[in-house]
Amino acid sequence: MTLGGSVGRVAFQELADSIRSRRVWVFLLLYLAGSVAATILFLNILQKMETHLVSTLGLNPATEPGGVTATLWKSDAFQRMMTQLIGDRKLAESLLSIPPLALFWGWLCLTFGPLLVTLTASVRIAEEVWSGSVRFVLFRTTRLSWVTGKFCGQAVQLLLAFLLSALGAWVVGAVRMNSFEPLPTALALLAFALKAWVYGLAYLGLATAVSQMFASPNVASALSFGVLMVVGMIHGAATFVKAAAWRPTLEILDLLTPAGHRLDLWRPDAAHLVPALVYLVVLAFGYLFLGHLVFRRRDL
Amino acid sequence: MIALEFQGVTKRYGRRTALNGLDLSVPTGSIFGLVGSNGAGKTTAMALAVGLLRMDSGTIDVLGQGAFHPGRQGGRVTLLPQDSRLPLHARVDELLGYYGRLQGVAGPRLKRAVDEVLDWTHLQDRRNSPVRTLSHGMMRRVTIAQAFLGEPDLILLDEPLSGLDPREQVRIREMLRLRRGRQTLLISSHNLHELEALCDQVAFVDLGRRIRQDSLEAVIRRRHSLVMVLDGPMTLSGAALTEAVPGVQWTYDSARSELTLVFPDEWTPARVNGTILPLLVTAGCGILEVRSGSGLEREYLNATAPPPIHGGFQ
């Protein structure tokens, strides 16, 4: 069987096993519930802010959130102010063309997505090594195809999770928001879902790499969170440390982490967005194969 | 033709040496028994053969194609691991289908292969059941079934009959016996009676080394040895035995009341029986059982440690 064929078989089995074990339902529910709850919270806060603003200006309060924000969002004065604040007219125009709900949801996914990916993906390979079930498979196919298949199976689950989560946010917006724009919001959510998925793939690669190195699911899980923290610290240092001596090293290190490409996902132009997406996919497979360098030599 | 060959294979787990220059040669089409105590290195040897473990030194040749790689010998070699757990949520037939597809069996051939292994492991009625709902013995039968999927050339079985009820043990032992000549089976087991009933070749492994490898006939000397279990003490003199069967070597284990006779080539078991049994009866010895061959268990114990002395005479 070809490498592609084996990868496909393993990926399909990973999906089927997730469905049978109800793991995928928990995973999807987690994303959906998180998205719905956060969107409701966002709209409540937005409504309070709008009520406060309206009462300050002495206007009639709105019963649903979003109306004031939408008006403000589209006003020339606000757009000029945002352009000056951001310092990049194209970026400002692009961000202001996105419905606020989608902007919030994009931020939500890019911030918390990695955490959820790490939570669910870091144990998958380690637990099969732990239980010994890997011993029924790895004389039938190569370790590389098996690991890549596992990764692909989880990548599909992740895409479904982001799409479902986007749907949840859209439904909450449609029900709760004043002046809700269904199509632009749906398209913006879809675009963010795809960007968040590619961003999540890099973290999936990282978690899968760690999972390949340890036989204990608990150790793999704990270390994945450790790695997540290290990634965060590198990005934080690259953002805030200004010492010239450290800048080149920190910038290179930052580019080797997914977080280093996050900002580019907000940019509308292909010149920034496409390289960022490509980088993230390369990072995902790079991490995966780094883990494989250990896994291929491990006793199972 | 050799199906599996180990040459000077060494495997260490940290400071502990599991295999210490193991040499092994498994002939094609044979049912080969691997005998050894706990920790002798049998499971390690099997895992090394299919690439689940990495050896420290030595060479392993699988089916004459060099070291095992799924891309080369995948689908032609399978393993029944000892203590590994199947994925619990999968259904039996789906799981076997998955394993079959991975080893390159597809379409109608896959369906036939799954049906066949489910038939002979008596699992047809549970084919749609999730693995987690099966009893321990049934799960064991699924692991046996996966090892025989797609008619592999070389099958490594680590304690294949453990955990099965007596009826299933007998049935599966018979099914294994039918594979002789068609496939090569390497079986590791602590049940030496089971191996004696199945194998045509055996190797004794101790402390990670092979201490003996030969045909079962040669090891237990089935054609040149008899064991007589007596109903009481041995009252026939040694001189009478050697006079009746010149060249015979014999021992008497008083704790087991077993008289073991090893005789020269010109004697057959039937002829020795015909000569010795009347003498024993005349001497007042009751005879409970007569069997040919010294027994794998006895030979293994003799090979790995000095035999206990029970006060018999020689």
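B:Glu289 is partly exposed, with a relative accessible area of 39%. Its salt-bridge partner is B:Arg291, and the closest N and O atoms are 3.3 Å apart. B:Arg291 is partly exposed too, at 31% relative accessibility. This is a predicted model.

**Salt bridges**

- Side chains of opposite charge can pair when their charged atoms come close.
- The count over all chains comes to 28 salt bridges.
- A:Asp264 forms one of them with A:Arg267. The closest N and O atoms of this pair are 3.7 Å apart.
- A:Asp264 counts as partly exposed because its relative accessibility is 21%, and buried means under 20%.
- B:Arg298 and B:Glu258 meet through their side chains in a salt bridge of 3.1 Å, N to O.
- That pair links distant parts of the chain, 40 residues apart. B:Arg298 sits in helix α11 (residues 296-304) of chain B. B:Glu258 sits in strand β12 (residues 258-262) of chain B.
- B:Arg298 is buried, with a relative accessible area of 18%. B:Glu258 is buried as well, at 8% relative accessibility.
- Some salt bridges join up into a network. Its residues from chain A are A:Asp17 and A:Arg20. From chain B come B:Arg91, B:Asp93, B:Glu94, B:Lys111, B:Asp115 and B:Arg127.

**An open sheet in chain B**

- Three strands form an open sheet in the order β2-β1-β4 (chain B), and their pairing is antiparallel.
- The edge strands are β2 (16-27) and β4 (57-62) of chain B, and each pairs on one side only.
- Neighbouring strands of this sheet are turned by 15° against each other on average, direction ignored.
- Helix α1 (residues 42-49) of chain B packs on the sheet and touches β1, β2 and β4 of chain B. The direction of this helix makes about 115° with that of β1(B).
- Strand β1 (residues 2-13) of chain B pairs with β4(B) over five bridges, in the antiparallel sense.
- Which residue of β4(B) is the bridge partner of B:Gln7? The partner is B:Thr59.

**Strand β7 of chain B**

- Strand β7 (residues 184-188) of chain B is largely enclosed by the rest of the structure, because five of its five residues are buried.
- B:Thr184, B:Leu186 and B:Ser188 point one way from β7(B). B:Leu185 and B:Ile187 point the other way.
- Strand β3 (residues 31-36) of chain B pairs with β7(B) in the parallel sense, over four bridges. B:Ile31 has B:Leu185 as its bridge partner in β7(B).
- Strand β6 (residues 154-158) of chain B also pairs with β7(B) in the parallel sense, over five bridges. Here B:Leu185 is the bridge partner of B:Ile155.

**Two residues of chain A**

- Is A:Gln13 buried or exposed? A:Gln13 counts as buried, because its relative accessibility is 11%.
- A:Gln13 lies in helix α1 (residues 3-20) of chain A.
- Leaving out residues up to four places away in sequence, A:Gln13 touches A:Arg20, B:Ala90, B:Leu95 and B:Tyr98.
- A:Leu41 is exposed, with a relative accessible area of 52%. Its place is in helix α2 (residues 23-57) of chain A.
- A:Leu41, A:Ile45 and A:Met49 make a nonpolar surface patch of about 310 Å².

Notes: Residues numbered from 1 in each chain as written. Chains lettered and ligands numbered in written order. Predicted model: local features only at pLDDT ≥ 70, side-chain atom pairs only at ≥ 80, totals over all residues. Heavy atoms only, no water. Pairing = 2+ DSSP bridges. Helix = DSSP H or I, 4+ residues; strand = E, 2+ residues; numbered from the N terminus. Axes fitted to C-alpha atoms, helices over the stretch in contact; angles between N-to-C directions. Contact = heavy atoms within 4.5 Å. Patch = residues over 30% accessible without salt bridge, like charges linked within 9 Å, V, L, I, M, F, W, Y side chains within 5 Å. Areas by Shrake-Rupley, 256 points an atom, 1.4 Å probe, with all protein chains shown as cover. Salt bridge = Lys/Arg side-chain N within 4 Å of Asp/Glu carboxyl O. Buried < 20%, exposed > 50% of the residue type's maximum accessible area, 1.4 Å probe, protein only.
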